[in-house]
Amino acid sequence: MGQMMGDVTDGQSVYRVMIYSHDTYGLGHLRRSLAIADALVKRFSNIHVLIISGSSVAHAFTAKDRVTFVTLPPVTKFKDGGYGSVDISVTFDDVIALRQSLIIQAAKDFSPDLFLVDKEPCGLHGEVLPALEIVQKSGATIVLGLRDVLDEPRALEDEWKQKGAFDAIETFYEEIWVYGCEDFYDPLQDLPFADETRRKVRFLGFLRREAPVASLNTTYETVTDNSVLVMAGGGGDGEALMHATMNAIEHSPSDLPLNLNYIFVLGPFIPGDSEDALHSRAESHERIFLRRFDTQIEALYAKAELVIAMGGYNTFCEIMSFDKKALILPRIEPRLEQWIRADRARELDLLACLDPKSAQNPGYMNTAIATAMDRPTPSQSHTVPDFGGLERLCDVIAFFMVRQPLSRVIAV
């Protein structure tokens, strides 16, 4: 990182954006951070982005020029919402201490002009708080970025009180960016914020996704036409969705389309025994194709006729961006985020959703798939929410770049 600190680009002073993404479970935080970083370096020739990520698969994603990663030692998230060390020989507290020291060093070395923290105001177990103090003293802008839905308001209030998130927001954050629309859902509704804190909130709109220019691997080009894309994000808890869909295929009535290919993207965090079981079942089906992980999942969305998924933030953005019919089986534990999002989208007639427990019944699942196939695409509902989030985010940062204090400008 050291050489990058003093770089200049085309005679312009460099504006440095640091993004913290704690990434304990799944791919959502990392992929959202990458989408933001890609938009920034595409729009501005003088921006450098440093992503601090706790994802164990961050190395698999190809970052654009002027986007750099600092990878933190990974931790794991349990089904009850608790956390633990991936390496059982190291205590969780020791892992947090090491992560915290790396974040502090990155803040000192990179000296960001803007520090964008994804979702967790204090970071995982407060690990980002010392870095926030360092960055604040340097005069940088500090922003909290939030997805459209966090959790049911009462549960979120209890969680944030326990973590000290309310105090952190009042102390460190100049703005709160919501990657969604107020008329879709307000993630901060009913929370005990002062009016001054409320005024920090900007609803930017959802973050649109685009298919990569590069073509698909030729091995899969012939199976992606007329396909159903079945996916569960990171895959750590997606086995039930995968088996429910396979059950439906095996019990498919004759009136369902028989010319469809089913592409299952299992996710990089699927347990090994679960992956083996799914491969074993898929061997007897010539129209079922399994892939473990795809860093350019947008290319598969682009050709799919229907998407069957769990309904995280990135999945919703991709379904809407590519105008796809969708059946959502939302996660309901340990938080209600996916259920709230799916239910709201169903109210707006944007997609179909099914209770994950009901999906285990092949008859219910088949009916849901057929209904989803027959429904209009989201764009035909006339209620698609605003997807200009990346453009507005860049516009706001352009304003911050103009107002940048002279003491922080790198001399050309």
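Helix H4 (residues 153-163) has the buried residues Pro-153, Leu-156, Glu-157, Glu-159 and Trp-160, where buried means under 20% relative accessible area with a 1.4 Å probe and protein chains only, exposed means over 50%, and partly exposed lies in between. They lie on the same side of H4 because they cover an arc of only 165° around the axis, the arc being that of the directions from the helix axis to the C-beta atoms. This is a predicted model, in which local features need pLDDT of at least 70, side-chain atom pairs count only at pLDDT 80 or more, and totals for chains, interfaces and linings use all residues. Residues are numbered from 1 along each chain as its sequence is written, and side-chain values use heavy atoms, with hydrogens and water left out.

**Surroundings of helix H4**
- Arg-154, Lys-161 and Gln-162 are exposed on the other side of H4.
- The buried residues of H4 pack against strand S7 (141-147) and helix H5 (165-172); helices (H or I, at least four residues) and strands (E, at least two) are DSSP runs, numbered from the N terminus.

**Nonpolar cores**
- A nonpolar core is a set of buried Ala, Val, Leu, Ile, Met, Phe, Trp, Tyr and Cys residues joined through side-chain atoms within 4.5 Å.
- In the largest nonpolar core, which has 59 residues, Leu-40, Ile-47, Val-49 and Trp-177 touch the most other members.
- A second, separate core of 40 residues includes Leu-156, which is also among the buried residues of H4.

**Position of Leu-336**
- Leu-336 is found in the loop between strand S14 (325-328) and helix H12 (337-347).
- Leu-336 counts as partly exposed because its relative accessibility is 32%.

Technical notes
Contact = heavy atoms within 4.5 Å.
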